[in-house]
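The sequence and the model are shown first, and the description follows.

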Amino acid sequence: MAERKRYNQQFKEETVRYIQEQRKSMDEIAMELNIPKGTLKNWMMKLRQFPDEPFVGSGKLRTQEQQIVNLEQKNKDLEEEIAILKKAMHIFSKDRN
């Protein structure tokens, strides 16, 4: 069974730039670089979707995704604080007979 090759971000970006600059077909470039055509297409697609951060690997989140995770956690914390304050307000607003 063939082992999967791993490519670093710089290599992917340079390869995508090379593809964009060439007049060759994707098949020709795939053969020339010895990289599967599907892999090259994936890299091109990721570059179009995320031009600022196209290749994030091994568990690293893109900046926007990380910001969303952080904001969701902050939102959850604030909701818990509001619930605690509501309970405290209810307790302290009871008549003291």
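## Report on the helical model

Ile 29 is located in helix H2. The model described here is a predicted one. With a relative accessible area of 1%, Ile 29 is buried, because buried means under 20% relative accessible area. Apart from neighbours within four places in sequence, Ile 29 is in contact with Tyr 18, Ile 19, Gln 22, Lys 24 and Leu 40.

The setting of this residue is a protein chain with four helices and zero strands. Along the sequence, the chain follows the pattern α-α-α-α. The protein chain has 97 residues, of which buried residues make up 13%. Among contacts in the chain with a separation of 6 or more, 40% are accounted for by residues 24 or more positions apart.

The packing of two helices can be described next. Helix H1 spans residues 9-21 and helix H2 spans residues 26-33; the two pack at an angle of about 140°, and their axes are 11 Å apart. H1 is therefore oblique to H2. Their crossing is right-handed. From H1, the contact is made by Thr 15, Tyr 18 and Ile 19, while H2 contributes Met 26, Ile 29, Glu 32 and Leu 33. Sorted by class, the contact of H1 with H2 comprises five nonpolar residues, one polar residue and one charged residue.

Two of the residues on the H1 side may be considered individually. Thr 15 belongs to helix H1 and counts as buried, at 4% relative accessibility. When residues up to four places away in sequence are not counted, Thr 15 touches Leu 33, Leu 40 and Trp 43. Ile 19, leaving aside its neighbours within four places in sequence, is in contact with Met 26, Ile 29, Leu 40 and Met 44.

In soluble globular proteins, nonpolar side chains tend to be buried together. The largest nonpolar core in this model has eight residues, namely Val 16, Ile 19, Ile 29, Ala 30, Ile 35, Leu 40, Trp 43 and Met 44. H1, H2 and H3 each supply at least two residues of this core. The most is given by H3, with three residues.

Lys 41, which lies in helix H3, is partly exposed, with a relative accessible area of 44%. Asn 34 lies in the loop between H2 and helix H3 (37-49). This residue, Asn 34, is exposed, with a relative accessible area of 55%. Most residues other than glycine have a negative phi. Asn 34, however, has a positive phi of about 60° although it is not a glycine.

The table below lists two separations between C-alpha atoms.

| Residue pair | Distance along the chain | C-alpha separation |
|---|---|---|
| Ile 29 and Thr 15 | 14 residues | 9.5 Å |
| Lys 41 and Ala 30 | eleven residues | 9.8 Å |

Ile 29 links several parts of this description: this residue takes part in the contact between H1 and H2 and is also one of the eight residues of the largest nonpolar core.

Definitions and conventions: Residues numbered from 1 in each chain as written. Predicted model: local features only at pLDDT ≥ 70, side-chain atom pairs only at ≥ 80, totals over all residues. Heavy atoms only, no water. Axes fitted to C-alpha atoms, helices over the stretch in contact; angles between N-to-C directions. Parallel < 35°, antiparallel > 145°, perpendicular 65-115°, else oblique. Left-handed = near helix turned anticlockwise from the far one by under 90°. Contact = heavy atoms within 4.5 Å. Nonpolar A, V, L, I, M, F, W, Y, C, P; charged D, E, K, R; others polar. Buried < 20%, exposed > 50% of the residue type's maximum accessible area, 1.4 Å probe, protein only. Core = buried A, V, L, I, M, F, W, Y, C linked by side-chain atoms within 4.5 Å.
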